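Open the structure in your viewer. Keep the sequence alongside.

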Amino acid sequence: MEDNSSCSSAGTALSEASFLQRTLERLSSTQCLKVSTEAPVAVIALQRYLSEQPEGQPDSYDVTVTDGVWRAKCSVHPALNHLCSFVYSERRLGHGYICIEKLRCGGERSALLPRIQDVASLPMLVKQGMERSVELQSDVPLQVSRKHYLSLWNNEDPEGDIWTSGSPSSDTVLDVSNITLLSSLESCFRNTWKPLPLLVKIIHKSRLRYYGKFGLKIDYPFQAYFEVADQSGTMSLVLWNELCPEFYQKLSVGTVLYIQNYSLKLSYSNRSHPQMDHHQMTFHSVEICLNARNPTSVVTVVSAKSVLPQLQLDELSNNSACDVICLVTFVGRVERVKSKGNKGPEKFWTYRWIHAVDGSSDRPFILEVFSSSQPEVFSRICPMTYLVCTQMRVCRVEGSLPYLTSSCETETFITGYHKGQPYVSDPRVKSFIQWTKTLKDNVVLQKTSVGGHYCYPCPPQHLPTQVPLVAAADLKKEMETLQYREHKKVAIQGQIAAVRYTKHPKSTESRGTEEREVKNIIFKSPFQEYYHIVPDVAPDVCEPNTQDHPSTAEQTTAPISTAEKISVRGIKRRIQTRKVKQFSLNLRRMAAKRRLSEIEDEEEQEEKESDSGSEDAPNVADSQQNQDSDVISWESSSWPKQKQEVSEYLCEGGLHQDSVSRRFTIDEKDVLLQRSNLQSTHWTPEQSADTPPPVVCPGFYQVTILGINKQMAVDAAFLPVVSSDDPRAVALPQDPHGNTMLSCLSSGFLCPLSHSQSTLPQPEEVLGSAGELEDMHLVCILDLCHLGGDRVEVLISKVYRVTEVSLEQMKVQTLSLSSEPAGNVGSVLLCLWLPLTDLH
């Protein structure tokens, strides 16, 4: 009785403490299966799968939340209409789940998670009577017709517990006296004779291919190609459907397989093939198929080792394949582009740019590495690690140095994953390892960096035909339809109406002072307001756009901007309500008082000038600005009037912290990689809550582009390369130019580039030549990237004078890329510099 009473009391206390359990009890007792309730819970997993409704969104999501006492796996309603409901499956007995139909996301980190030692140890909340529901207790979607989850950000990475990895090779004694050779398979393809077992070695492995679509009645629509070899030659082997989760991660290059009960079929002609110059005989007419049924294939892994030959990049022609080993010095952020030629649900390729060295040259070489169904490796690539990439394709582009891009058969390996790989005994690999031992870590670290905006190849001298020319009126739609970390490159016609240079307040040596923190400003909303950042929060941008909507905007004529004056009340409110340590609060108050005093003095001065009939500030403001100002600017003589007449003004000109690369340090490795990677599917305690230090950024130009029809204006950030240490400086054409505003926008850098910036012109000198931009017809290349939340990166990478562009070339671009009526020019977009090789 005492034990039962204790258990009963504990259960009651648990129920009272758990918001999720109380909600489930209400859902169980209500007649309409819907309740309206609200309480903070923490998201610990977000999982995606193909939707069951073809007319709706292509993807569905399950979310696992916790209140610190229970976990609850819920379905996210596609429409997110309202309330919260309980859904019973009408096609299966004893199956039902909570459906979230409305939610509100908080911007701050959950206070629940740091108190939980092991999230997996929390009990899973299940309605009474449904404890045996497999979907609620296991890692499968709640919708009963789906058997597996997909990766959040692409369809090629294995996702979920169904993907089993490395098991020991079989020690079974095999009878290999009665096997057949690959060379014999072509002759027996059309015969009724049953093929004998095969003993083959894997020499190439492709990434996964997901071919799921609406209406396809296949539980695991996956496929993976392997190139296998024996003493007679090489042939393709295809792993189909449910065998992919079972075997894909167990099989690697060098693995030896003993295969029984396989089938043969004609080869698929439109797939890519790895380059295998070192294998004399390749059979392309048929391929080996392994299935779970009809017939049921039997695959046995046998221990073996092999060595892949390494090739030199300089000896290869365009589109040749090679394997490389290198020391990583720069890792760009992970971005996404829509895949080409995809007929099923919309999907993306995920990729990142990498710089690496191998001792053969003073400059690093450039790799465009796409996700290769190895998410654990792809997400951990960082500077100072050894990287091996197989079957990389050589890309040669006019005006730029060659670079390497992934193929379908590319595999990547980093430090910690090299053990047991066939290349470790290669003499050139050993020679490379010996070379790295001669390097000093502190010297190499000075040349490393992580993240930031990076695009390669550099825009060519002439307007590229691959970049879609979009109407200025369509630009807003292009920005609004961007998905998380999706990158697009577009071109618009117009003229530069204004240029504003913003000095970054202090460098990292002075971060932490109250002066730096008060001057940092965040552009919080894409088209609306500004907020000052308080000292204990890392700034999200270097400086905002200070031009509001035309109806309310004022010309910036003084060191203190209109936006800062608008934000005075925000500073006071934040200083009074922010709960931080007393010391930090005191610093903030003192700094804010000084800043508010400056603003009040400035407003009084403006009022006096206004009363005395003072005129507007001159167009070229650099010579008129106070030397202590962080802003200098230029605008065309017609811009003040034109600004009042534009129908749409996209004020996206701020420079985000994610747009600038950071110096890599070992101590900050985890937080730097977490910031440059995509959002993870599952929360883990190892995820760092630290914020990386602000980037070193001397300043940036905010360029206002007025559309050719003067109905639309957009602000774009221009961050020229000012040092040869910048990752973007590698292979940048460095033809000398006069450092005028136009030549800087056309080249992308200040001249001359070196490790020291002392010889470069000051922003005042560059802006002093901006008058030549007056009414000049230009084509501007913009890089767009969605950085998460409401942050959209808009960077201008190059401008072309229309007088230098062939009108026929522009016509071809517009006609070839428009699949809509003439009013929607540019509605179909391609991404510049996609690899020329077949990535499908």
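The paragraphs below go from nonpolar cores to aromatic rings.

This is a predicted model: local features need pLDDT of at least 70, side-chain atom pairs count only at pLDDT 80 or more, and totals for chains, interfaces and linings use all residues. Residues are numbered from 1 along each chain as its sequence is written, and side-chain values use heavy atoms, with hydrogens and water left out.

Start with the cores. A nonpolar core is a set of buried Ala, Val, Leu, Ile, Met, Phe, Trp, Tyr and Cys residues joined through side-chain atoms within 4.5 Å. Buried means under 20% relative accessible area, exposed over 50%, partly exposed in between (1.4 Å probe, protein chains only). The largest core has 40 residues. Leu475, Ile705 and Ile796 are among those with the most contacts inside it. Strand β23 (residues 487–503) gives the largest share of this core, 5 residues. Strands are DSSP runs of E, at least two residues; helices are runs of H or I, at least four; both are numbered from the N terminus. Apart from this core lies another, of 33 residues, including Phe247 and Val299.

Now the rings. The whole structure holds 18 aromatic pairs. Rings of Phe, Tyr and Trp (its six-membered ring) pair if their centres lie within 6.5 Å; planes under 30 degrees apart count as stacked, over 60 as edge-to-face and the rest as tilted. Tryptophan 153 and tyrosine 484 have ring centres 4.7 Å apart and planes at 55°, so this pair is tilted. The pair ties together parts that are 331 residues apart in sequence. Both tryptophan 153 and tyrosine 484 are buried. Tryptophan 639 and tyrosine 649 pair edge-to-face, 6.0 Å centre to centre with 90° between the planes.
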